[in-house]
Amino acid sequence: MINLKEILRGTEKGYAVGNFNVHNLEYVQGVVEAAEETQSPVIIAITERPLNYYGIDYLINTVKAAENNCSVPLCLHLDHGDNLDIVFKCIEAGFSSVMYDGSHLPIEENIANTKKVVEKAAEHGIYAEAELGKLQGIEDGKESTESALTDPDEAKRFVEETGVAVLAVAVGTAHGFYDGEPKLDFERLEAIREKVDVPLVLHGGSGVPEASVKKAIDIGISKVNVGTELKVAFNEGIKGVWEENPDEIECTEIMGAAREGVKNKVVEKINLFRSNI
């Protein structure tokens with residue numbers, strides 16, 4: 001298991017590492033099996049909702065067990081931590097990276113809180129991601145109806161003042177699926193890339209057309225977050241079992257199909273992100 005900065009090293013060569021949000025054992029196994037099959041690094045991301053449901057110890061030890069059966073680089077990442085207490089708990093528990101999401105706050109407060117996270121992470125030898133700009137949609141059960149694209153000059157200031165290692169930017173994506181086709185602001189992304197010298201992250205990667213994802217990576221996106229499409233793949237796997245055999249009650253059959261659905265979707269995304277090079 002390696003930290004966020006290390007796993008993104010080399011992405012300037014024209015690929016991105018997938019950030020895959022997991023919720024239980026089968027998600028973790030599906031992501032790791034896909035990583036092994038493609039020989040690609042992956043970021044296993046957990047949000048506050050499953051952490052609160054299962055507990056940090058259960059989830060972190062599940063990922064550590066997966067690490068013992070994996071030959072490719074893994075990163076255990078806290079995604080969208082907007083509560084400083086939880087962010088600090090994950091750092092202390094052994095996460096290999098954390099994301100603090102203060103994008104809903106005024107920029108001054110976002111900067112102040114992000115600096116605290118960066119400093120705390122450094123004490124444990126890991127790095128932090130932060131977000132500037134707002135995405136619409138539902139993430140971790142929390143809905144946002146507002147959006148604000150990232151200002152390139154503010155991004156430069158934010159990185160310089162916080163020392164954050166990785167920056168998530170808002171350039172037209174959203175959490176969840178889209179009504180219609182999303183339109184990414186590539187000119188804005190290019191301007192941010194010119195002003196900011198840290199890896200950039202595209203949140204809301206589910207449902208974005210492949211051509212747009214490839215272009216964003218070519219411009220300089222190093223990490224793409226995928227959550228909603230994995231939920232759909234997981235649930236479709238379960239539905240498929242019961243459509244074939246409505247009386248099936250064996251958990252290994254039901255959850256095994258869900259795991260396979262996650263694995264297949266992750267393989268698809270790894271190939272799109274070109275991280276299996």
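1. Residue G204 is buried, with a relative accessible area of 9%; buried means under 20% relative accessible area, exposed over 50%, and partly exposed in between, with a 1.4 Å probe and protein chains only. G204 lies in the loop between β9 (200-202) and α9 (210-219). The C-alpha atoms of G204 and I270 are separated by 16 Å, and the two residues are 66 residues apart along the chain.

2. The model is predicted: local features need pLDDT of at least 70, and side-chain atom pairs count only at pLDDT 80 or more, while totals for chains, interfaces and linings use all residues. Residues are numbered from 1 along each chain as its sequence is written, and side-chain values use heavy atoms, with hydrogens and water left out.

3. The protein chain has 11 helices and 10 strands; these are DSSP runs (helices H or I, at least four residues; strands E, at least two), numbered from the N terminus. Its radius of gyration is 18 Å, close to the 19 Å of the globule rule for 277 residues, so the chain is as compact as a globular protein of that length. This radius is taken over C-alpha atoms, and the rule is 2.2 Å times the number of residues to the power 0.38.

4. Of the 277 residues of the protein chain, 55% count as buried. Among contacts (heavy atoms within 4.5 Å) with a separation of 6 or more, 72% are between residues 24 or more positions apart.

5. The C-alpha atoms of the protein chain fill a box of roughly 60 × 40 × 35 Å along the principal axes.
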